[in-house]
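Student: I am new to this kind of picture, and I would like to learn how to read it step by step. Could we look at the sequence and the model together?

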Amino acid sequence: MSLGDEPGYGDTSRGEDGGYGGSGQTRTRLPDRTGDVYGGARRGRSSSRSLITVVGVVVLLIAAIAFANRGGDDPSSSGNGGSDKAKTSPTTASGTRPVESKVAGIPAGFAHSEQGAESAAANYAVALGSAAMFNTASRDQILAAVITPSRVTEFEATLDKAYTPQFNKNVGLNEDGSAPQGYTFVSRTSPIGTKVTASSNDTATVEVWCGGLLGLAGQNSTNPVTSSWFTITMKLEWTGGDWKIVSHSQKDGPAPVPGDDRASSADDIAKAVEEYGGFTYAR
């Protein structure tokens, strides 16, 4: 699916299209309920301007982060432990208790270890993929909590230029990033697994395999909630007694074969988002 119909969505340093919520389509068997955008005819794989607009939100986020990260990789992150180690370090339960403290509602105080870096990356992926990123005040709180201090101002400035009031209107939100009355905006990232691909004493590169949801749930929504699969790569550094993000990139997949589940109604999706909370992720 091409994003060429929307201005400002050019190539990025990610190497592949997609983002939180991505551009992947799922094969679904839709309900027969009439009068519901989630029912009726099956959605095909052809491009539609409404879906492209929603996908553009997450692509823009990743493009903005990639822009903020330009200038090269941190060579110190390729210390001992490369891909061979990653293959022998699956994400299995260790029994270690997750962190108990939070900053801006985001888990904090991770262990100074590879396992701590994996837990930090998983929780940071959830925060960066949340609906709170579309509001300036809450976005700044998230960035201050997860980005390394020396890069926070740069990230804030870049994302402020991306998330303008007009941009929010273009994707169906109010100018302040809130959902219109009668609709529920859904933007969620759920980590499936993590692995460390490189590390040294105070740096780590962590990949987080995720599933995502993105869209507007509502009876007349032209951007219904869709799912996607993607992998986020974060380069972290140990600073101020915790792991923080230095750079961030993303690629599509791995995506499983979609099942034949019936797509839920807009009301069911909105209710689920309101009733089901998230998790603190730890190995």
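Tutor: Let us begin with a term: a residue counts as buried under 20% relative accessible area, as exposed over 50%, and as partly exposed in between. This is a predicted model, and in it tryptophan 238, with a relative accessible area of 22%, is therefore partly exposed, whereas tryptophan 243 is buried, at 2%.

Student: How are the rings of tryptophan 238 and tryptophan 243 placed, and what is the pair called?

Tutor: In general, a pair of aromatic rings is described by the distance of the centres and the angle of the planes. The centres of tryptophan 238 and tryptophan 243 are 5.4 Å apart and their planes stand at 75°, so this pair is edge-to-face. Tryptophan 209 and tryptophan 229 also pair, but as a tilted pair, with 5.7 Å from centre to centre and 40° between the planes; tryptophan 209 lies in strand β4 and tryptophan 229 in strand β5, 20 residues apart.

Student: In what order do the strands of the open sheet lie, and why is one side of β3 and of β6 left without a neighbour?

Tutor: Strands of a sheet pair through backbone hydrogen bonds, either parallel or antiparallel. Here 4 strands lie in the order β3-β4-β5-β6, with antiparallel pairing. Because β3 (184–199) and β6 (242–252) stand at the edges, each has a single partner strand, and one side of each lacks a neighbour in the sheet.

Student: How many bridges join β3 to β4, and is β3 mostly covered or uncovered?

Tutor: The two are joined by 14 bridges and form a hairpin with 3 residues between them, while 12 of the 16 residues of β3 are buried, which leaves this strand mostly covered.

Terms used:
Residues are numbered from 1 along each chain as its sequence is written. This is a predicted model: local features need pLDDT of at least 70, side-chain atom pairs count only at pLDDT 80 or more; totals for chains, interfaces and linings use all residues. Side-chain values use heavy atoms; hydrogens and water are left out. Two strands pair if DSSP finds at least two bridges between them. Buried means under 20% relative accessible area, exposed over 50%, partly exposed in between (1.4 Å probe, protein chains only). Rings of Phe, Tyr and Trp (its six-membered ring) pair if their centres lie within 6.5 Å; planes under 30 degrees apart count as stacked, over 60 as edge-to-face and the rest as tilted.
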